[in-house]
Amino acid sequence: MDEVDGVHDLGGMQDFGPVLVERSEPVFHASWEARVFGIGGIVTLQGLANTNKVRHAIERMDPSHYLGSPYFEHCLTAFATLLAEQGVLTREELEARAGVPFPLSRPSQAPPWPRAAAGDGHSRFAVGDRVRVSGAHPRGHTRCPRYVRGKQGIVDRCDGAFTLPDADVHGDDPPVEPTYAVRFDAAELWGEEAESGATVSVDLWESYLEPA
């Protein structure tokens with residue numbers, strides 16, 4: 001399968017520069033950011049969006065728009081896109097209010113999530129198990145980072161069961177699955193360039209894992 005991951009999946013990529021930490025950083029840098037935060041609460045309470053669908057709408061942004069815009073603009077674009085897709089408002093209404101072209105995210109190209117048989121709720125893996133991450137590159141939303149796909153790690157912790165994000169966005173009846181904290185040697189992820197002895201821990205759903 002061709003790799004079709006979006007520009008948002010930047011984990012492990014190089015040459016984006018250092019992460020700049022702003023001392024005494026305010027919650028919002030401008031009043032419009034607070035308004036976007038409020039919009040998110042409203043659309044969520046009204047059942048028009050949830051965290052996974054908002055994330056997928058952000059993932060569908062035009063790459064140049066995504067890389068050139070701040071966090072709250074990502075959120076605004078996602079909220080507007082989801083509302084337009086559900087017929088709550090139109091691009092024309094957005095542009096009339098803004099007075100400028102209003103970019104929306106591109107349509108999703110993901111196929112519907114196939115309905116799967118319900119699990120028995122028991123964890124398939126235990127602490128200390130060696131697992132391999134699926135090498136699949138899905139066309140839609142997933143919480144399995146690209147840089148761990150196909151790699152081996154050790155289960156460090158068995159966490160609670162949560163709705164599978166992939167199916168939550170693209171299916172009608174998303175399953176609830178066990179999740180795990182999986183520890184990877186940095187050398188497994190990045191080879192000889194990795195820091196000696198370093199490890200990376202990633203939270204992963206059961207569907208992403210298989211025995212190593």
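## Strand β1 and its partners

Strands β1 and β5 run antiparallel and are joined by three bridges. Within this pair, Val131 has Pro211 of β5 as its bridge partner. The model described here is a predicted one.

Strand β1, residues 130-133, is also joined to β2, residues 152-163, again by three bridges and in antiparallel fashion. Here the bridge partner of Arg132 is Gln152 in β2. Strand β2 in turn is linked to β3, residues 176-185, through seven bridges, and these two strands run antiparallel as well.

Strands of a sheet pair through backbone hydrogen bonds, in either a parallel or an antiparallel way. In this model, five strands form an open sheet with antiparallel pairing, in the order β4-β3-β2-β1-β5. The edges are taken by β4 (199-205) and β5 (209-211); each has a single partner strand, so one side of each has no neighbour in the sheet. On average, neighbouring strands of the sheet are turned by 40° against each other, with direction ignored.

## Overall layout of the chain

The chain has seven helices and five strands. Read from the N terminus, its elements follow the order α-α-α-α-α-β-β-α-β-α-β-β. Taken along the principal axes, the box filled by the C-alpha atoms is roughly 55 × 45 × 35 Å.

Two domains are assigned: domain 1 covers 1-108 and domain 2 covers 130-211. Their C-alpha centres lie 24 Å apart.

## Between the two domains

How many residues of domain 1 are in contact with domain 2? There are 17 residues of domain 1 in contact with 17 residues of domain 2.

The size of an interface is often given as the accessible area lost when the parts come together. For domain 1 and domain 2, the area buried between them is about 1,400 Å², with 45% of it on carbon and sulfur atoms.

## Helices α1 and α4

Two packed helices are described by the angle between their axes and the distance between the axes. Helix α1 (residues 31-45) and helix α4 (residues 71-85) have axes that come within 10 Å and cross at roughly 40°. Their crossing is left-handed.

On the α1 side, the residues that meet α4 are Trp32, Glu33, Val36, Phe37, Ile39, Gly40 and Val43. On the α4 side, they are Phe72, Glu73, Cys75, Leu76, Phe79 and Leu83. By type, the residues of this contact comprise 10 nonpolar, one polar and two charged.

## Tyr147 in a loop

Where does Tyr147 lie? Tyr147 is in the loop between β1 and β2. Leaving aside residues up to four places away in sequence, Tyr147 touches Gly11, Gly12, Leu189, Trp190, Val200 and Val202.

Methods. Residues are numbered from 1 along each chain as its sequence is written. This is a predicted model: local features need pLDDT of at least 70, side-chain atom pairs count only at pLDDT 80 or more; totals for chains, interfaces and linings use all residues. Side-chain values use heavy atoms; hydrogens and water are left out. Axes are lines fitted to C-alpha atoms, for helices over the stretch in contact, and angles run from 0 to 180 degrees between N-to-C directions. Helices (H or I, at least four residues) and strands (E, at least two) are DSSP runs, numbered from the N terminus. A crossing is left-handed if the near helix is turned anticlockwise from the far one by less than a right angle, and right-handed if clockwise. Contact means heavy atoms within 4.5 Å. Ala, Val, Leu, Ile, Met, Phe, Trp, Tyr, Cys and Pro count as nonpolar, Asp, Glu, Lys and Arg as charged, and the others, Gly among them, as polar. Two strands pair if DSSP finds at least two bridges between them. Domain bounds come from an automatic or database domain assignment. Buried area is the accessible area (1.4 Å probe) that two parts lose on being put together, summed over both.
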